[in-house]
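Reader: I'm new to this and I'd like to learn how to read a protein structure. Could you walk me through one?

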Amino acid sequence: MNRIALLLACLAASACSHATPGASKTLAELRALGQAAACTSDQQCKTVPLGAKSCGGPESYMAYSTARVGPEKAGALAERYRKEREAENQASGLVSDCRFLMDPGAQCRAGTCQLGGKNGALAE
């Protein structure tokens, strides 16, 4: 019964992985990159997929600035976090909504990289 309650709470929140207690060190590192997303132009803003849904695809996206961090570092951290989430999903048996999330793109707004740029999608 607890697993069902957790699933319903996650579906309602639409952000299960980011609300889990004891979030990983990798996620903390990724969030730090997102907080240091200072920019002067849209060309400096990129996105990276975060996590992994149990049925495939990322749980969300994060904007970051190439002025502060290289795409290799952001990509490597995102890949490490994806693998962590896949392992957690498999171990817990948790299911997801299987909804496909398109990359919302990123753009420079008020000096910071923010989601919801290139394809007009809004950040969740």
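Author: A nonpolar core is a set of buried Ala, Val, Leu, Ile, Met, Phe, Trp, Tyr and Cys residues joined through side-chain atoms within 4.5 Å. The largest one here has 12 residues: Leu 27, Leu 30, Leu 33, Val 48, Leu 50, Met 62, Tyr 64, Val 69, Ala 74, Leu 77, Ala 78 and Tyr 81. Before we go on, a word on the source: this is a predicted model, where local features need pLDDT of at least 70 and side-chain atom pairs count only at pLDDT 80 or more, while totals for chains, interfaces and linings use all residues. Residues are numbered from 1 along each chain as its sequence is written, and side-chain values use heavy atoms, with hydrogens and water left out.

Reader: Which elements give two or more residues to this core?

Author: In soluble globular proteins, nonpolar side chains tend to be buried together. Here α3, β1, β2 and α4 each give two or more residues to the core, and α4 has the largest share, with four. Those names come from DSSP runs numbered from the N terminus: helices are H or I with at least four residues, strands are E with at least two. Apart from this core lies another, of 10 residues, including Ala 37, Cys 45, Tyr 61 and Leu 115.

Reader: What does Tyr 64 touch?

Author: Contact means heavy atoms within 4.5 Å. Leaving out residues up to four places away in sequence, Tyr 64 touches a list that includes Leu 33, Ala 37, Val 48, Val 69, Ala 74 and Cys 113.

Reader: Back to α4, then. Which of its residues are buried?

Author: Buried means under 20% relative accessible area, exposed over 50%, and partly exposed in between, using a 1.4 Å probe and protein chains only. An α-helix has 3.6 residues a turn, so residues three or four places apart point the same way. In α4, the buried ones are Ala 74, Leu 77, Ala 78, Tyr 81, Arg 85 and Asn 89. Seen down the helix axis, they fall within an arc of 110°, so they line one face of α4. That arc is taken over the directions from the helix axis to the C-beta atoms. Glu 72, Gln 90 and Ala 91 are exposed on the other side.

Reader: How many disulfides are there?

Author: A disulfide is a pair of cysteine sulfur atoms within 2.5 Å, and this structure holds three. Cys 39 pairs with Cys 108, their sulfur atoms 2.1 Å apart. Cys 39 sits in the loop between α3 and β1, and Cys 108 in strand β3, 69 residues apart. Both of these cysteines are buried.

Reader: And the other pairs?

Author: Cys 45 and Cys 113 form a disulfide with sulfur atoms 2.2 Å apart. Cys 45 lies in strand β1 and Cys 113 in strand β4, so this pair ties together parts that are 68 residues apart in sequence. Then comes the pair of Cys 55 and Cys 98, with sulfur atoms 2.2 Å apart. Cys 55 is in the loop between β1 and β2, and Cys 98 in the loop between α4 and β3.

Reader: Is Cys 55 buried, exposed or partly exposed, and which is Cys 98?

Author: Cys 55 counts as partly exposed, at 41% relative accessibility. Cys 98 is partly exposed too, with a relative accessible area of 47%.
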